[in-house]
Amino acid sequence: MTDETSLEGEVPKGKRVAKYSRGALQAIGGSIPFAGGMFSAIAGAWSEAEQDRVNRFFEHWVRMLQDELKEKEETIIEIMARLDLQDESIAERVESREYQSLVKKTFREWAGAESEEKRVYIRNILSNAAATTVSSDDVVRMYIDWISQYSEMHFQVIGAIYNSGGITRGEIWRKIGKGAAREDSADADLYKLLFRDLSTGSIIRQHREVDRFGNFVPKPSQRRPKGSGPKPAVSAFDENEGYELTGLGQQFVHYAMSELPPKIEFQAEGEEP
């Protein structure tokens with residue numbers, strides 16, 4: 001990274017940085033008509049006594065930007081290290097407008113991953129999107145949206161169902177390492193909400209038999225005997241109904257959770273050889 005773009009180093013303190021900070025907000029206010037009045041009011045409201053606090057705020061802000069840029073730089077390097085650019089089709093794909101659009105979308109909307117796990121998912125999606133054509137770019141854009149839309153626990157459930165078609169909610173709960181929980185607990189409510197999210201998003205579905213043409217076979221109707229009372233509530237940790245990934249869910253696992261091995265070994269600055 002060049003000196004012009006680097007944010008390394010201590011943020012200047014004192015009256016000069018306060019003056020420039022006020023000027024920056026005033027400039028922003030002039031370039032964004034909708035927010036201009038608000039930014040100008042903030043800039044004008046600062047007193048000399050508040051400058052130390054303002055300086056500390058900008059120092060934390062710049063450090064946050066440093067961390068974000070470092071994450072993005074690390075991710076781009078890891079993507080390129082996993083691509084065989086000697087392969088003409090991959091080289092053309094990386095240079096294509098369509099792929100560049102995916103990269104721009106990712107880094108425009110990504111203000112730093114919530115966790116290292118999500119950063120790796122993003123890296124894997126962009127790496128696989130360059131090396132394979134299993135999913136269309138429209139579908140890949142949706143996968144990128146899912147990374148911010150869903151929590152790590154959503155992805156744990158997806159991973160637990162993968163290659164375990166027909167696994168029940170209770171089995172998934174134990175497989176992801178959760179302990180016993182009451183049916184009226186917040187954990188149970190969260191778990192049911194999580195399954196509703198993934199089912200509505202067409203990532204998982206209840207297991208259904210298919211014929212040799214891939215058509216779903218209707219389940220046989222089950223009539224409850226008269227006088228048996230109301231149908232019992234389904235447990236959040238049900239042990240009867242099995243779940244499986246949809247076609248979209250299977251492809252998402254391929255893109256986000258399947259890691260391309262590095263083609264080039266590299267070492268980040270400051271790391272021990």
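This is a predicted model: local features need pLDDT of at least 70, side-chain atom pairs count only at pLDDT 80 or more; totals for chains, interfaces and linings use all residues.
Are R93 and D137 buried or exposed? I began my notes with this pair, and I found that both R93 and D137 are buried.

**Entry: the R93 and D137 pair**

I looked up how the two side chains stand to each other, and I found that R93 and D137 meet in a salt bridge, with 2.6 Å from N to O. The pair links distant parts of the chain, since R93 sits in helix α4 and D137 in helix α7, which covers residues 137-149, and the two are 44 residues apart. I noted beside this a general point, that side chains of opposite charge can pair when their charged atoms come close.

**Entry: the overall layout**

I then stepped back to the whole chain, where I listed eleven helices and three strands. Reading from the N terminus, I wrote the order of the elements down as α-α-α-α-α-α-α-α-β-α-α-β-β-α. The protein has 273 residues, and 36% of them count as buried. For contacts between residues at least 6 apart in sequence, I noted that 74% join residues at least 24 apart. I also looked up the accessible surface, which comes to about 17600 Å², with 53% of it belonging to carbon and sulfur atoms.

**Entry: salt bridges around E78**

A search of the whole structure gave me 13 salt bridges. I followed E78, whose side chain meets that of R119 in a salt bridge at 3.2 Å, N to O. Here R119 belongs to helix α6 (residues 116-131) and E78 to helix α3 (residues 51-81), so that I could note a link between distant parts of the chain, 41 residues apart.

Which other residue did I find in a salt bridge with E78? It is R123, and the closest N and O atoms of R123 and E78 are 2.9 Å apart. Because R123 lies in helix α6 and E78 in helix α3, this pair ties together parts that are 45 residues apart in sequence.

I checked how covered these residues are, taking under 20% relative accessible area as the cut-off for buried. R119 is buried, with a relative accessible area of 2%, and R123 also counts as buried, at 5% relative accessibility. E78 is buried as well, its relative accessible area being 10%.

Salt bridges that share partners join E74, E78, R82, E116, R119, R123 and E259 into one network.

**Entry: patches on the surface**

Which residues form a negative surface patch? I listed D84, D87, E88, E92 and E95 as the residues that form it. I looked at E95 in particular, whose place is in helix α4, residues 88-95. E95 counts as exposed because its relative accessibility is 66%, where exposed means over 50%.

I also found a nonpolar surface patch of about 350 Å², made by F57, W61 and M64. F57 has its place in helix α3, and I noted F57 as exposed, with a relative accessible area of 54%.

**Entry: the loop between α10 and β2**

Where is G201 found? I located G201 in the loop between α10 (186-200) and β2 (204-206). At 22% relative accessibility, G201 counts as partly exposed. Leaving aside the neighbours within four places in sequence, I found G201 in contact with W146 and Y150. I also looked up G201 against T246, and these are 45 residues apart in sequence and 10.0 Å apart in space, C-alpha to C-alpha.

S202 has its place in the loop between α10 and β2 too. I noted that phi of S202 is near 60°, a positive value in a residue other than glycine. S202 is partly exposed, with a relative accessible area of 38%.

**Entry: N163**

N163 is found in the loop between α8 (152-161) and β1 (167-168). At 68% relative accessibility, I recorded N163 as exposed.

Conventions. Residues are numbered from 1 along each chain as its sequence is written. Side-chain values use heavy atoms; hydrogens and water are left out. Patches are made of residues with over 30% relative accessible area and no salt bridge: like charges are joined within 9 Å, nonpolar side chains (Val, Leu, Ile, Met, Phe, Trp, Tyr) within 5 Å. Accessible areas come from the Shrake-Rupley method with a 1.4 Å probe; for residues, only the protein chains shown count as cover. A salt bridge is a side-chain nitrogen of Lys or Arg within 4 Å of a carboxyl oxygen of Asp or Glu. Lys and Arg count as positive and Asp and Glu as negative; His and the chain ends are not counted. The place of a charge is taken as NZ of Lys, CZ of Arg, CG of Asp or CD of Glu. Helices (H or I, at least four residues) and strands (E, at least two) are DSSP runs, numbered from the N terminus. Buried means under 20% relative accessible area, exposed over 50%, partly exposed in between (1.4 Å probe, protein chains only). Contact means heavy atoms within 4.5 Å.
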